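Good morning, colleagues. Please look at the structure on the screen while I go through its sheets, domains and contacts.

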Amino acid sequence: MKATDISNPEYFHKVVDCQYACPAHTPVPEYIRLIGQRRYSDAYMVNWESNVFPGVLGRTCDRPCEPACRRGRVDEEPVAICRLKRVAADNKDDDDVNARMPLIPTQKNGKKVALIGAGPASLTVARDLMPLGYEVDLYDENPKGGGFMRSQIPSFRLPETVLDQEVDYVLDMGVTRHFNTRVESMKSILDKGYDAVFVGTGAPKAKDLRIPGRDEADANIHLGINWLENVAFEHLESIGEKVVIVGGGNTAMDCCRTAKRIGGKDVSVTVRSTYETMKASPWEKDDTLAEGIPILANHSPAEFIVEDGKLVAMTFNIVESSYDENGRRTIKDTGEIVTVECTDAIMAIGQDNAFPWIERDVGIEFGEWDMPVVDKVSFQSSNEKVFFGGDAAFGPENIITAVAHGHQAAISIDLFLNDSSVKDARPAPGTNLVSSKMGIHQWAYDSAVVDDDRQASAHLPVEQALTSRKIESEIGFDLEAAFIEAERCLNCDVQTVFFEKKCIECDGCTDICPTNCITFTNNDEEGDLRSKLNAPSTNKDQDLYVSTDLPTGRVMVKDEDMCLHCGLCAERCPTSAWDMQQFLYTVTKAGNEPAPILVEQVGGKREQAA
Amino acid sequence: MSFYKPSFRHPEAPSNELGLTAKAYEGGISTLCAGCGHDSISASIIQAVWGLNIEPHRVAKMSGIGCSSKSPNYFLGKAHGFNSVHGRMPSVTTGANVANRDLMYIGVSGDGDTASIGMGQFSHVIRRNLNMMYVVENNGCYGLTKGQDSATADEGSKNKKGRANPFEAIDLVALALDLGATFVARSFSGDKEQLVPLMKAAMSHKGFALIDIVSPCVTFNNHAGSTKSYDHTREHIQAASVVDFVPMAQEITLDQIKGSTQKVDLHNGDSVQLSKLSDNYDPTDRHNAIRTLLDHKAQDKLMTGLIYVEPESDNFHEMLNLPKTPLNELKEDVLCPGASTLSSINDSFR
C-alpha cells in the first residue's frame, strides 16, 4: 500500500468517527472534553457554530454519531453523545453565550436574500449570511419560526423555551420576519428583486391511507404531522379516549404520546413491520412503551369500521415479514384478522414534498417524483438564483441534515453573489493538528480509558409526565452523570501521529497496544496486508495507517478500527516516533474564511480566537 | 503517565484451545524504560505460553535481581512467581522444581544476574539439566545501576561516554554448550518471529533450555559503538536456522524455507522444524554447533536461532530417580512410611 498521506484533512477526519458520521461534522470529542471540564458555555459554542440548535438537537437528534461511535465497537454501548449536547445547552451561561454571538454589520452589503420557510435549513442560512452583511427576509406561514421543530416535535420532548431561545439567536441578528405569510407563488418572490432565494419548506404533505371506510370515518381520522401541528399551535386541545396510531416511525411515537396527554386513554401504535425493524429510533420506542402505550407489530391496516357514521374500530390483517438473503423483505398475510376498537385514528405513515406554489415556468427544473433538480454539493437549482435545502431539497431527512444543507447553501449563495463559482471556489475545511504532549508521558487530554457503562438519562415519573403535553418528560443527565459519561469518550480526535524517521523498531508500541492495532511487517496490497496484522482486521471501512519504509525494510501499519486513543504507544516510544496530536476539523462556513477555532486556553483565561 | 492498561481488548481477539485470549496471560503495566527490549521478551513469553495452551496457573516465573528480573511482573499475572536473591534464581528454581515438578518453570535473568553474581549457580543448574526455560535478557550493561559494562559486554564495545570495554566477553551460549546444556538458543528481542517459536520449543523441551536474548538497553546501551544496540544487532544478526515449532499431530507449515530442512522430534511428541542456512550445520551435533558458533563469531556475526538440542536426555528428576508424583502431593504415609520401614532399611545395612 502507499504510505498514508496524513496531510489530507479527510484522513484524520475519518478517524473521528462520530464527527465524520454527523452531517454537519460537529467536532464531538472537542465539546465532550469541554463538558468534562465543566466548561458548558464553551461546549455550547462549539456546537452552536457547527449545528446552530444544540439545545434542540440535544433532545431530538437522530444521532447518526452514536452508531458510529468507536466506543460501541469495544464496549457494550456508545457514548451518549446526544444527551451530552443537551447538558451543554442546559447548563450554559446565557449571558456568556449572548456575548459571544457574531457581530452583525450595521453597514449592509447591499444584497438581499429571501428564505422561504422558517425551519432549521433556512435559519442556518440566515445565521451564516447575517454576519456577512446580507439583508435577509424570512417567510413562514406560522406565527413563529422553527418550522417542523415547532410544528411536529411535541413540547414534552422539546420545550418551547429551548426552541425559542435558539430560533431567537438567529432572528435577533436582524432577520426581517414575514410570519403568518404563506408564500403562494415563487414568481411573486422573484419579482420582488431578491438577489437570491432559498427554499427550506420541508416535506409538509402527510401521506394518507386509502382503505375501505376512509371517507365515512373522515371526521375522526387525522394525518399525523398536520394533527401534531394543530396541537402545537393549539387549534386542537383534545382527542377521543381510544386512539389507534398507524405507522412505526418517530412521528407515530410523537402522535401516540401526544394523544395520551390530551385525552387518549387507550392508545396503541400499529405497525406493519416487525417490532425490531420499525423505523422509530430505539430510544423513542423505549419512551413510548414506558408510558404504557403498546406497539402492535405485524398489523397491516385493512378497514375502518364505521357505525352510525362514527369510527368505532379498525381491522388489521396479521402479517409475517421474511427476508431473503439480499435483505429484501416480503410481507405475507397469515389470514388472521384483528379488530382494534378506536374513537380516533392517526395516520403517521410518511410525508412528501409539495411544491404547488412554484410555477413551472420560472426556470426551476423539476425531475423525478416532481422534485426540483438540485445540485448535491451547491444546493443550487437550475434557476441560478434559487437554492434548496433541508427536506425540500432531496426529501425527508432530519434536523441535523437540514442544518448541514443550510451551511452549504449559504456558502453557495455567498459565492454566487460575489461572482464566484459555487462549484469550484468552495472553501477547504479548517484543520488544526497540535501535539498534546505536556511532558514525559503527560498529555493534555484524559488518556486513561475508563470502564464506566453508559449512563441512563433520567425521566420524570410517567404519571407526572402524562399530566401535560408541555412538561418535558426527560430530565436528562445531572452534572455528575454528565461527567462520567463525558469521560467515556475515547478522544478519537487525539490522533496517533507516526514519525518514521524517529522509529528504531523496538516494538514497544506493538507490545503495549491493548487492542493490538499496530504491526510492523513487510508492505503488501491492502488485502494481504490486513491478513498479516497482529489483530483481526475485518472492518474494511476503517483505514490502515501505513508508514513509508523503515530501515529494516518493513512498514508500520496501524489499523484505525479498534484504536482506543489511550496514548500508550506514544508513552512506550523511546524516541517520540509516536505523538498524540489533537486534531480539530471544522467545516468552513460562508465568508470563505476557514472556520475559526472557537476557544483556546490562554493563561487560564478563556478567549475567543478570531 | 498511565499506570494501568485500558481493560478493553480487540473484540475479535483469537482464543486458544482453553478458550482464553492473550489478555489472560498479561501482567501489570511495565515500569521499565520505554523501548526496553525486555518488554518485547515479555510479550513473546505471553504469545508463546498462550500459543502452547498452558493455563497461566500452571507456570512459575522465577527471577533474581535486575531490570530483567523485574519483568516477570509484566507477564502472566495469574502465574506463580518468586523474585529471589541476586544470582540465586537457579537454586530457588531447583527447590521449587523438586517440590512440584508438574509446574512449568520460566526463569528470567539478565547478564549481570547470570554472568556475574550468578555465574556459579548458572553453571550448576546446567549440569543438573533442571527442567526449565532459562531466559537471559542480555543487554551488555547494568541498566539498573546506570549502565556500567557487564560481563557479556563485547570487548571494544563503547559505553555511552565513548570508552571501549577492555575485557573479553563471556559468551553464555558457548559456555552452556561447553557445560553440556541440552537446549541452547540465541535470539533478539526485536525478532518475535524467531523468538516465539524458540520459546515454545524451549518450554516443550524436557530439561534445561537456555535462550540468550540480545535485548537492547535503550537508555544506556543503544548508541553508536555499542555492540548490543538495536542497529548493531540487526546489522550483525545471522540466523543459523529458521525455526518453526510444530505441536504434535500438526502439519508443518514453515514458509521461510532457505537451504535444507531438518526435523527434530522433542520428547513429548512435539517437534521443531528447522530451515537451515547450510547443509553442514546440524543442531543435534554439539561439536558442530560449537564450531559453527565460533565461525560466526570470527566473522563478526551474531549467530541466532536454535543452536543445539539434545531431545532425549535425562533431566534432574530422572538422574536422581525421583518419584513421578510431585513432592507436594505425596501424602504423609508415603513420605513417612513408619518405624517398620525404617527398621527394614536399617536391617538391610546390617
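The model is a predicted one, in which local features need pLDDT of at least 70 and side-chain atom pairs count only at pLDDT 80 or more, while totals for chains, interfaces and linings use all residues. Residues are numbered from 1 along each chain as its sequence is written, and chains are lettered from A and ligands numbered from 1 in the order in which they are written.

Elsewhere in chain A, strand S1 (residues 112–116) and strand S2 (residues 135–139) run parallel and are joined by 5 bridges. Ala114(A) has Asp137(A) in S2(A) as its bridge partner. Asp137(A) is also partnered by Thr176(A) in S3(A), where S2(A) pairs in parallel with strand S3 (residues 176–178) over 3 bridges. Together with helix H10 (residues 120–129) of chain A, S1(A) and S2(A) make a right-handed β-α-β unit. Right-handed means that, with the strands pointing away from the viewer, the path from the first strand over the helix to the second runs clockwise.

Now the domains. Chain A is assigned domain 1 (112–204 + 353–417) and domain 2 (208–348), with bounds that come from an automatic or database domain assignment. Their centres, taken over C-alpha atoms, are 31 Å apart. Between them, 7 residues of domain 1 are in contact with 10 residues of domain 2, where contact requires C-beta atoms, placed from the backbone, to lie within 7 Å.

What of Val87(A), buried or exposed? Val87(A) lies in helix H8 (residues 81–91) of chain A and counts as buried, because it has 29 C-beta neighbours inside 10 Å. The cut-offs are 20 or more other C-beta atoms within 10 Å for buried, 12 or fewer for exposed, and partly exposed in between, with C-beta atoms placed from the backbone. Beyond four places in sequence, the contacts of Val87(A) include Ile35(A), Tyr40(A) and Phe477(A).

Between the chains, 30 residues of chain A are in contact with 22 residues of chain B. Helix H7 (71–74), helix H21 (508–512) and helix H23 (568–571) of chain A each supply at least two residues of that side of chain A.

Finally, chain B has an open, mixed sheet of 8 strands in the order S2-S1-S3-S4-S8-S7-S13-S9. Strand S2 (80–83) and strand S9 (237–239) of chain B are its edge strands, each pairing on one side only. Inside this sheet, strand S7 (residues 183–188) and strand S8 (residues 208–214) of chain B run parallel over 5 bridges, with Arg186(B) opposite Asp212(B).

Conventions:
Two residues are in contact if their C-beta atoms, placed from the backbone, lie within 7 Å. Helices (H or I, at least four residues) and strands (E, at least two) are DSSP runs, numbered from the N terminus. Two strands pair if DSSP finds at least two bridges between them.
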